[in-house]
Structure formats: structure tokens, C-alpha cells
Amino acid sequence: MSEVLVVVDHVDGAIRKPTFELLTLARRLGEASAVFFGSSDKGAEAATKLGQLGAEKVYVVDDTEIKGYLVAPKAEALAQLVEKTSPAAVLFVSGYEGKEVAARLAIKTGSGIITDAVDVEEGGVVTQAAFAGNYTVKGKVTKGVPLITVKPNSAPVEEVGAAGTVEEFAATISDSAKKAQIVAQQPRKASGRPELTEAAIVVSGGRGTGGNFEPVEGLADALGAAVGASRAAVDSGWMPHTFQVGQTGKVVSPQLYVANGISGAIQHRAGMQTSKTIVAVNKDEEAPIFELVDFGVVGDLHTVLPAATEEINKRKG
Amino acid sequence: MNIVVCVKYVPDSTADRQFESDNTVDRVGVDGLLSELDEYAVEQALQLKEKNEGTTVTALCVGPEKAVDAVRKALQMGADQGILVTDEAIAGSDYVATSLVLAKAIEKAGAENKVDLVMCGMASTDASGSVVPAMLAERLDLPQVTFASVVETQGDQVRIKRDSDTATEVIGATMPLVMSVTDQTGEARYPSFKGIMAAKKKPLETWSLSDIGVDAGEVGLSVAWTEVTETTARPPRTAGEIVKDEDGSGATALTEFLVSKKFI
């Protein structure tokens, strides 16, 4: 069975959940091999977890020479690994970096690329959501090694207990790949809440919050959810851009999305329409968001959310 | 400074967008316009022009004949000249082929006066793949500084801020390079009346594939490296239950719903 490479998304060794989802998808196409960019210590540590969740092999690529530069060196290293392993596919997490590494790898290896997959089936059929989720598109890569970037929350994480055998891979990085330098890097402060793109539940606020996000945050914490914001709330300076859900912010696909005081413009829909269950609270019963919901409350979020939060906390005991 | 801004002609995202019977995006039956996210790239290019005397901004578009509208909009905003690469053979091209056409056109545009900066939006509003800027960097062997939320330049030195999922980074590189910008870089200007009038006299060239030295057999739907096998309109979400909040009934109903779906 051919290998399927999964590029590990991690912060200083801490693997982010979407990587584990990729392992599940990879096993549908062949034998999952993870590719870890980092030190051999961190790689060995990561391999245990990656093996548990489906990786037979873990290629550890020392990143000393790579980590100071944007995207290009990783694509170069992966091109060499693709050459060596002739994988059935390479899977990436659909984020800035995953997409751009895949893009460069496509040109280097003469391979087709599909972005923002929400499902990958046996045989390599890939499902995407198009036009703000109004269409479902199925397709395949027909040339080279299929390069597929997958959105978070597209597959379950499965405990399988694979070997997770570490194999060091030495890549040669050219000077031309080292032209865009990472001059400074500031890790995002941990909020204590789940990360927006990987959260199972997202509670968002928009213009209707009037800048007071307390009710939104309260409900989010009662549900163990991530907090999101509409573009209107971000443009008003109420929340940082990193919280924005929508076309130019994060695209989320959680089990439950609760939109509060958000009208539901197309830009916002593009970021949340593939959520499994959608709930909205809005004063305006004509708000287009109500066309999408499984359940909606026409009311003031400033009274509905705190009351609901209290009731939820009570029920949780 | 010689800047080329890549602009895409896309179906209006507020219109009823659809696919053709061959599963390509309907770019003719639906009203089209300059992709909103590319307006930010045009804006940043114009701001650089204002700061650097002698700068030329060229708007470059690949698309059907109607796509000239996207180039015109960029000219109205203030770009100096426009290029539309149009050829029947291009229809249905995937990212890989599109980036080839753009790269060859950029090379031709810079034949006499080398291009210092290729600017792009962070994504198109139709395919939203965000991969073409990185592909251009790869093809042109240039550094990429992409997804910029803040752009700073000093001479040929460029610094951008990039907000990734897990960190905020500052990326530095030296021109020539490929840059993509997000909507966080700041509002794009509206064309003024004067700008609209002036645009009519600005040079606008139309190039075919043979003009840029690309073989028709390298592009288009039939040779795409990816194949779309099926496009299905998502069934409209079945109308959900909507309740009116009266004396706190909304909170209880909301909680009941969440319990029934096992979220609590």
C-alpha cells in the first residue's frame, strides 16, 4: 500500500488537532506517514502521539535551517521527500501556511492541488464547499501527486495504535528558498478557550453586541466554545481580527455555531455556512441569518444570552 | 518602482452564483466585477506609488473578454495602465495553469523595465484558494511576503505583518518579490469622477496566449491537473424553528434546543 504524507501542524511540538483528522483521512487512501518539521527530540515525542492516531511512519525533518524563513524551504524539503517516497497523496491543514506550501509543491512536482477540502474519500475523491457553502463540489487531482489541503473538523480523530516509527529525513535547502525571512514572531496568547478553527462549538457576536462581548463570552464558556466575531464587530474595533469569522477571517465548520447579533451577510456566511447546527439570536426577525438556522431566537442578545448561560450552568450542575 | 497588480474578474458574490454544465464557474451569465479582495491590493499599490515617485502601477487580469471591467475598475482607482490576457483556450484553467499565464504575462510586462513588485489580493472571492500568489513566487523564483495585514517599505526593503492561526509574524524581504495583502491593510478607495474620466485615456492592452509565449495546449479545462466531477447546489437548509423571546422564554427555549441536540 502506498504512503500518504500528512504534514504536521504544530507549535513548538504541540500538535494541533486538525493534523490528527488528516491521519484519519490519509488512512482511507493508503498508509499514513506524518512529516514533522522540528528538532529530533520534539519529533520523537510527537511520533508517539502521531502513531497512536494512525501514523505508521513519522519523518522528522530538522528545521534548524528552515524555521527562519517563510514557506519556501518547507516546500523544497517536501519535494525531496515526495521524490523519495512517491506518495499516493500529500495532505495539509488548510491554513495560510498549509495552502502556500502546497501551492509551491504543486509547481515543483507538477502536481494538481485542491484546497479547502471538507472530505476525502477512498480513491481520492475530494469534497469542497463552494460559493459560501451554497454548492458542494466533488473533484479529483488528475496529474502528479494529489496535494490536498483540508479544513479543520472534516474528519473524526481515531485511536488506531499504529507504529509511529521515526525516520530522520535530511533535506537540502537552496539559498533561493531563503529569501523571505521571518524577522519576528509573537505566538498568540492562549485565551483558555478552544482555538477558533478547531473548536467543536463557536459562539460569535456581531454589530448587535454594541461592543459588549460579555454575554457572548459567557455563553461560550458555559458551552466550552470558542469566541468568534463578525467583520462588523472587528471593523468597529471591538474584537481583534484573529477572531473574525468569514471570507477574510477564519472559515469554521463546527458542530454548533451560535450567531448573536449577526445579520448574516454573504461574507460572514462564507465563513460558517458548513457548520453542522446553526443557531442565531437577533433582534431583527428579518435578518438573513434566520434563513440558515436550525433554531433561532428573535430577541435581545443582552437579555437572552445571560439568561441562557445561567440556565445552562444550572443544568450542568 | 514598477508594480504589477493581479486583479481577478469574479461573479458578484451577492448575485446567484452558479456552475456551467461542464462544472466550470459561470463567468458570463452572472454579473461580474473586480474581486473585492483584489481592491485592497490595488489600494496598497497606489499608496506605494504615492510614496515613491516614478512608480508605474499596471493592472493585470486573466479572463474572458468581459473581464476587462476588472482592469477598468483598477484604472479608475488610479492604476496607470492595464493588461488583459484573454484567449478562448484559457477557459476552465485551474490554479496551476492560471499561475503560468500570469507568470508569463508578468515576465513580458517586465521585459523592458523589470517588475519590482507583484501584488495580489489574499484570495479571490469565487474560488478562494489563496494559492496563486505562492505559485507566482515559485514560478518567478521570487520571495513571497503574503497575507500582509500591514505593509511597510523603505527603498527596496519590504516588511509585512502576517497574522497566522497561531502567531503574528513580521516577514522581511528585498524586492523584487510577490506580495499578497488582506483586507486588514485598509479600506480601498472608490474611483473619483476624475479617475473615471481619466481611466478612459489610459493604455489598456489585450494579449493572447501567443503574445506571452504560452502554448494553448498547456492551459484550459482539458489539461487541468484537477478535475471537478460534480457540482451540486446545496439543498436549502430546512426552515428551522424560530421563537420570539417573551419574558425570558427565549433563553429557556434556546437551552432546551441545545439539550435536545446533546450540546449540554
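This briefing covers how chain A and chain B meet. The model is predicted. In it, 69 residues of chain B are in contact with 69 residues of chain A. A strand pairing and a helix crossing are described in turn below.

**The side of chain B that touches chain A**
- Helices of chain B that each supply at least two residues to this side include α3 (95-109), α4 (132-140) and α7 (249-260).
- Strands of chain B that do likewise include β7 (144-154), β8 (157-163) and β9 (167-174).
- Strands β12 (226-233) and β13 (241-244) of chain B also each supply at least two residues.
- By class, this side of chain B has 27 nonpolar, 24 polar and 18 charged residues.

**Strand pairing across the chains**
- Strand β12 of chain A, residues 181-187, pairs with β9(B).
- The pairing is antiparallel and runs over 6 bridges.
- Pro187(A) stands opposite Ala167(B), a residue in β9(B).

**Helix crossing**
- Helix α8 of chain A, residues 301-316, meets α7(B).
- Their axes come within 8 Å and cross at roughly 45 degrees.
- The crossing of α8(A) past α7(B) is right-handed.
- On α8(A), the contact is made by Val304(A), Ala307(A), Ala308(A), Glu311(A), Ile312(A) and Arg315(A).
- On α7(B), the contact is made by Gly250(B), Ala251(B), Thr252(B), Leu254(B), Thr255(B) and Val259(B).
- The residues of this helix contact divide into 7 nonpolar, 3 polar and 2 charged.

Notes. Residues numbered from 1 in each chain as written. Chains lettered and ligands numbered in written order. Predicted model: local features only at pLDDT ≥ 70, side-chain atom pairs only at ≥ 80, totals over all residues. Contact = placed C-beta atoms within 7 Å. Helix = DSSP H or I, 4+ residues; strand = E, 2+ residues; numbered from the N terminus. Nonpolar A, V, L, I, M, F, W, Y, C, P; charged D, E, K, R; others polar. Pairing = 2+ DSSP bridges. Axes fitted to C-alpha atoms, helices over the stretch in contact; angles between N-to-C directions. Left-handed = near helix turned anticlockwise from the far one by under 90°.
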